[in-house]
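Hi everyone, thanks for making time today. I'd like to walk you through a structure that may be new to you, so please have a look at it while I talk.

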Amino acid sequence: MNKIAIIYISTHHNNTQRLVASCDNVDIYKFNEIQDIDLTKYDLVGFASGIYFGKFHKAIYEIINNHLSQLHNIFLVYTSGSGLKSYGKKQSKKLRQLGLNVITFYSCKGYDTYGPWKLFGGVAKNHPNDIDINNYRLFIDKLVDLEL
Ligand SMILES: Cc1cc2nc3c(=O)[nH]c(=O)nc-3n(C[C@H](O)[C@H](O)[C@H](O)COP(=O)(O)O)c2cc1C
């Protein structure tokens, strides 16, 4: 059984926070609690955020860059208005170039009212929904049992 931590930041509609808070078999930390965490006691560390202009929140990259020596096996979780998987693929590649073992990522849509979308009542309304949350729980269950 792997011990898992997730560090998250969720600034737009708390979409990512709702998603990560739905699992109680992982330790969940807000990005600004990083100084209180001993990352080395975890088998796997997840980083979760909304997607802002095609990327994770910059706080996530800062934390990763500042803790590279304590990180090895990581995974990514994100919500985005579009639901595109390409964000996860691109960011995984970028983080692998830092020497990290990015095992996998989970993504789903998240309610988005940024910019012009606001005029139309937003996109991805009601996401993350029950199906997104259920799929996320299954994703985490697999990681808990994953042989590393
Ligand atoms: C400033 C800003 C930029 C965004 N850029 C993108 C984007 O490039 N692609 C996308 O699919 N969604 C984009 N979104 C939508 C968010 O990724 C989506 O609403 C996400 O669920 C927000 O997560 P949060 O509520 O946890 O912050 C953007 C939202 C904001 C506020």
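**Starting from one serine**

Let me begin with Ser92, which counts as buried because its relative accessibility is 3%. A quick word before I go on: what you see is a predicted model.

So where does Ser92 sit? It belongs to helix H3. Apart from neighbours within four places in sequence, Ser92 is in contact with Leu76, Val102 and Phe105.

Which residues of H3 are buried? In this helix, which runs over residues 86-96, they are Tyr87, Gly88, Gln91, Ser92 and Leu95. These residues cover an arc of only 125 degrees around the axis, so they lie on the same side of H3. Here is a general point that helps: an α-helix has 3.6 residues a turn, so residues three or four places apart point the same way. If you turn to the other side of H3, you find Lys89, Lys90 and Lys93, which are exposed.

And what do the buried residues of H3 pack against? Their partners are helix H2 (58-66), strand E4 (73-80) and strand E5 (101-109).

Let's compare notes on two others. Ser82 is in the loop between E4 and H3. Is Ser82 buried, partly exposed or exposed? With a relative accessible area of 38%, Ser82 is partly exposed. Leaving out neighbours within four places in sequence, Ser82 is in contact with Tyr87 and Lys109.

Next comes Ser22, in the loop between H1 and strand E2 (27-30). Ser22 has a relative accessible area of 15%, so it is buried. Setting aside neighbours within four places in sequence, Ser22 is in contact with Ile133, Tyr136 and Arg137.

**The largest pocket**

Now for some empty space. Rolling a probe the size of a water molecule over the atoms shows where such space is left. The largest pocket has a volume of about 440 Å³. How many residues line the largest pocket? There are 23, and Ile51, Tyr52, Gly81, Asp112 and Tyr114 lie nearest its centre. Helix H1 (15-20) and E4 each supply at least two residues of this lining. By type, the lining of the largest pocket divides into eight nonpolar residues, 14 polar and one charged.

**Stepping back**

Finally, the chain as a whole. It has four helices and five strands, and along the sequence they follow the pattern β-α-β-β-α-β-α-β-α. The C-alpha trace spans about 45 × 30 × 25 Å along its principal axes. How does the radius of gyration fit with a compact globule? For 148 residues, such a globule would have a radius near 15 Å, and the protein chain has 15 Å, so the two agree.

Of those 148 residues, 47% are buried. And if you take the contacts in the chain with a separation of 6 or more, 71% are between residues 24 or more positions apart.

So, to come back to where we began: Ser92 is buried, and it sits in helix H3, whose buried residues pack against H2, E4 and E5.

Conventions: Residues numbered from 1 in each chain as written. Predicted model: local features only at pLDDT ≥ 70, side-chain atom pairs only at ≥ 80, totals over all residues. Heavy atoms only, no water. Buried < 20%, exposed > 50% of the residue type's maximum accessible area, 1.4 Å probe, protein only. Arc of directions from axis to C-beta. Contact = heavy atoms within 4.5 Å. 1 Å grid on protein atoms, 1.4 Å probe; cavity = no way out; pocket = protein on both sides within 12 Å on 5 of 7 lines; lining within 4 Å. Points joined across faces, edges and corners; volume = space filled by probe spheres on them. Nonpolar A, V, L, I, M, F, W, Y, C, P; charged D, E, K, R; others polar. Rg over C-alpha atoms; globule rule 2.2 N^0.38 Å.
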